[in-house]
Amino acid sequence: MAQTFAKVLAITALSSSAVLAMSFSSHAMAMAPFQAGYQFSYNNKNLGSATRSLTQQGNNWTDKFAAKAGGIASATETSQFNFADNKINSQKFSRSSKLLVHTDTMNINFNPSNKSISTQKDDDKHSFTWQAGVLDELNAELQLREDLKNGNALKSHYLIADHNSVEQRRFIKQGTENIKTNYGTFSTIKVTLQHSKPERTTVFWLAPKLDYLPVKVTHNDGKSSYGLLLTSYSGKTN
């Protein structure tokens, strides 16, 4: 469960990005730091909380997503990157999840100078070819957003690095919907993430008023379901 728990958090962050991108206006707007809080649920039962934050120090950015389910499980993901010419340049990505006393970790290092990506998931190590524009599961959201803000068309797919490969991800826009949260009710853009297995579904609801922040995320793998619902936000508003 710990690995799945962390993966859901990652998907949540990534999907939100897709929706963001689809709805931004074409005039340039700067990437802005923010912090958001969420209620985390498992099989429709509220189990804990999650946070998402984007911070900046010069041209170095850190995107962090973390969740806790009581004293049973926790997961944290962190993306480090720089930003130039409206493009994210991935540097490092890490994930750590814990279920009771069992811990899983994953790290990705992006090395454009020697055209390689090196990863380690627990004791399993991989190295594969770096590609221009390759992202991680968190900063992909931000790149989608920047593409739309600067008048570029949303790509048919985005390259996302995992522990053993670079994958192509696609998102599908499904209209708009009003979503009620503990922080308020928001008009949102609904987007789904495509999976190779038909029994899996991931849906994101992004709020333009909150700089296209995801205010709700759901994931169902056929046997269990997960959800995030916004509880707090500090950052740019439109």
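Colleague: Is aspartate 122 buried, partly exposed or exposed?

Modeller: In this predicted model, aspartate 122 is partly exposed, with a relative accessible area of 30%.

Colleague: Where does aspartate 122 lie?

Modeller: Aspartate 122 belongs to the loop between β7 and β8 (124-129). Its phi is near 55°, a positive value in a residue other than glycine.

Colleague: And what about asparagine 86: which loop holds that residue?

Modeller: Asparagine 86 sits in the loop between β4 and β5. Its phi is positive, at about 65°, although asparagine 86 is not a glycine. With a relative accessible area of 35%, asparagine 86 is partly exposed.

Colleague: Let us turn to strand β7. Which C-alpha distance is given for isoleucine 117 and threonine 129?

Modeller: Their C-alpha atoms are separated by 6.0 Å, and the two residues are twelve residues apart along the chain. Isoleucine 117 lies in strand β7 (residues 116-121). Its relative accessible area is 0%, so isoleucine 117 counts as buried.

Colleague: Now charged side chains. What joins glutamate 77 and arginine 95?

Modeller: The side chains of glutamate 77 and arginine 95 are joined by a polar contact of 2.6 Å. Glutamate 77 is part of strand β4 (residues 73-84). A relative accessible area of 1% makes glutamate 77 buried.

Colleague: Which side chain does aspartate 63 contact?

Modeller: Aspartate 63 makes a polar contact of 2.7 Å with the side chain of arginine 52. Aspartate 63 is placed in strand β3 (residues 60-69), and at 0% relative accessibility this aspartate counts as buried.

Colleague: On to the rings. How many aromatic pairs are there?

Modeller: The count comes to two aromatic pairs. One of them is formed by phenylalanine 40 and tyrosine 226, which are tilted, with 6.3 Å from centre to centre and 35° between the planes.

Colleague: What about the pair of tyrosine 183 and phenylalanine 186: stacked or edge-to-face?

Modeller: Tyrosine 183 and phenylalanine 186 are stacked, with 6.2 Å from centre to centre and 15° between the planes. Tyrosine 183 counts as partly exposed, at 37% relative accessibility, whereas phenylalanine 186 is buried, with a relative accessible area of 7%.

Colleague: Which residue lies over the face of tryptophan 205?

Modeller: That is lysine 216, at 4.6 Å from the ring centre of tryptophan 205.

Colleague: How do the lining residues divide into nonpolar, polar and charged?

Modeller: The lining of the second largest pocket holds nine nonpolar, five polar and three charged residues.

Notes. Residues numbered from 1 in each chain as written. Predicted model: local features only at pLDDT ≥ 70, side-chain atom pairs only at ≥ 80, totals over all residues. Heavy atoms only, no water. Phe/Tyr/Trp six-rings, centres within 6.5 Å; stacked < 30°, edge-to-face > 60°. Buried < 20%, exposed > 50% of the residue type's maximum accessible area, 1.4 Å probe, protein only. Lys NZ or Arg CZ within 6 Å of the ring centre and 35° of its normal. Nonpolar A, V, L, I, M, F, W, Y, C, P; charged D, E, K, R; others polar. Helix = DSSP H or I, 4+ residues; strand = E, 2+ residues; numbered from the N terminus. Polar contact = N/O pair within 3.5 Å; in protein donor to acceptor, adjacent residues only side chain to side chain.
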